[in-house]
Amino acid sequence: MRQSDPGSGDGRTAGSTALLVIDMQNAFFEDEKLGTAQETLVAACNGLIAAARTGGAPVLLARTEHLRDRSTWTLSMRDDDQGFIFRGTHQAEFVEGLDVEGIETVTKTRDSAFFGTDLAERLRAQGVESVVLAGVSTHNCVAHTGADAFAQNFRVSYALDAIGSTNDDYAAAMLEILSVEYRQSIIGQEEAEARFG
């Protein structure tokens with residue numbers, strides 16, 4: 001996946017830029033591929049969090065949680081009769097080493113952190129116009145959040161070193177679509193950290 005040029009397309013960042021770290025929870029790292037990448041992803045996310053704090057930029061953590069009564073389950077969960085990431089369990093906790101102290105969370109039940117949450121309102125209340133996305137999984141929750149951010153008129157950048165996926169082919173294809181069709185930029189760690197001033 002090629003990285004976008006800093007000034008290409010509409011990837012410019014007007015106004016305030018926020019960091020959104022998505023689904024860095026134990027459940028997702030039960031997957032062998034993500035489990036192998038956990039340490040690297042945590043370090044990259046922590047680098048972004050530190051840069052955002054230094055620059056005074058908003059930081060939010062999006063987390064997935066479901067209820068045992070099936071009221072929050074997706075269609076596939078219902079079809080399989082199998083719940084996932086129940087509130088209060090080890091699966092729902094953030095992964096070890098992630099610097100979450102004092103950071104606001106957004107709790108979601110679907111792939112997009114915007115669906116059924118007040119994320120857009122929170123960002124607008126802080127004057128945010130652009131978001132840098134990090135976390136997992138690239139072709140699912142990260143991509144769906146980015147697509148919904150586009151629909152909400154937020155500019156999006158994907159921090160390539162701080163996102164991970166269970167399937168590299170799916171991730172590359174999804175990022176290509178988002179970067180071309182939605183004009184969303186894919187940037188390395190140094191540029192991502194620089195977005196926060």
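Helix 5 (residues 168-181) has 14 residues, which should span 20 Å at 1.5 Å a residue; its end C-alpha atoms are 20 Å apart, so the two values agree. The expected span of a helix is 1.5 Å times one less than its number of residues. Helices (H or I, at least four residues) and strands (E, at least two) are DSSP runs, numbered from the N terminus.

This is a predicted model, in which local features need pLDDT of at least 70, side-chain atom pairs count only at pLDDT 80 or more, and totals for chains, interfaces and linings use all residues. Residues are numbered from 1 along each chain as its sequence is written, and side-chain values use heavy atoms, with hydrogens and water left out.

Stay with helix 5. Its buried residues are Ala171, Leu175, Leu178 and Ser179. They cover an arc of only 95 degrees around the axis, which puts them on the same side of helix 5. The arc is that of the directions from the helix axis to the C-beta atoms. An α-helix has 3.6 residues a turn, so residues three or four places apart point the same way. Buried means under 20% relative accessible area, exposed over 50%, and partly exposed in between (1.4 Å probe, protein chains only). The face turned away from the buried side of helix 5 carries the exposed residues Asp169, Tyr170 and Glu181. What covers the buried residues includes helix 4, strand 5 (155-164) and strand 6 (185-187).

Past helix 5 comes Arg183, in the loop between helix 5 and strand 6. Arg183 is exposed, with a relative accessible area of 52%.

Now turn to helix 4. It has 14 residues and reaches 18 Å from its first C-alpha to its last, close to the 20 Å expected at 1.5 Å a residue. Its buried residues are Thr138, His139, Cys141, Val142, Ala143, Thr145, Gly146 and Ala149. These pack against strand 1 (16-22), strand 3 (104-108), strand 4 (128-136), strand 5 and helix 5. Contact means heavy atoms within 4.5 Å.

Both ends of helix 4 deserve a look. Ser137 sits in the loop between strand 4 and helix 4. A cis peptide bond joins Val136 and Ser137, with omega about -10 degrees. Just after helix 4, Asn153 takes a positive phi of about 65 degrees. Back in strand 4 lies Ser130. Ser130 counts as buried, at 2% relative accessibility.

What is the volume of the largest pocket? It is about 420 Å³. Of the 18 residues that line this pocket, the closest to its centre are Phe28, Phe84, Asp111, Asn140 and Cys141. Helix 2 (75-80) and helix 4 (138-151) are the elements that give two or more residues to the lining. By class, the lining has seven nonpolar, eight polar and three charged residues. Ala, Val, Leu, Ile, Met, Phe, Trp, Tyr, Cys and Pro count as nonpolar, Asp, Glu, Lys and Arg as charged, and the others, Gly among them, as polar.

The terms are geometric. On a 1 Å grid over the protein atoms alone, a pocket is an open set of points where a 1.4 Å probe fits, with protein on both sides within 12 Å along at least five of seven lines; lining residues have an atom within 4 Å of a point. Grid points are joined across faces, edges and corners, and a volume is the space filled by probe spheres set on the points.

Asp111 is partly exposed, with a relative accessible area of 31%. Leaving aside neighbours within four places in sequence, Asp111 is in contact with Asn140, Cys141, His144 and Thr145. Asp111 and Asp23 are 88 residues apart in sequence, yet 9.4 Å apart in space, C-alpha to C-alpha.

Thr74 lies in the loop between strand 2 (59-64) and helix 2. Thr74 is buried, with a relative accessible area of 18%. Not counting residues up to four places away in sequence, Thr74 touches His66, Thr109 and Arg110. Ile85 is found in the loop between helix 2 and strand 3. Ile85 is not a glycine, but has a positive phi of about 50 degrees. Ile85 is buried, with a relative accessible area of 0%.
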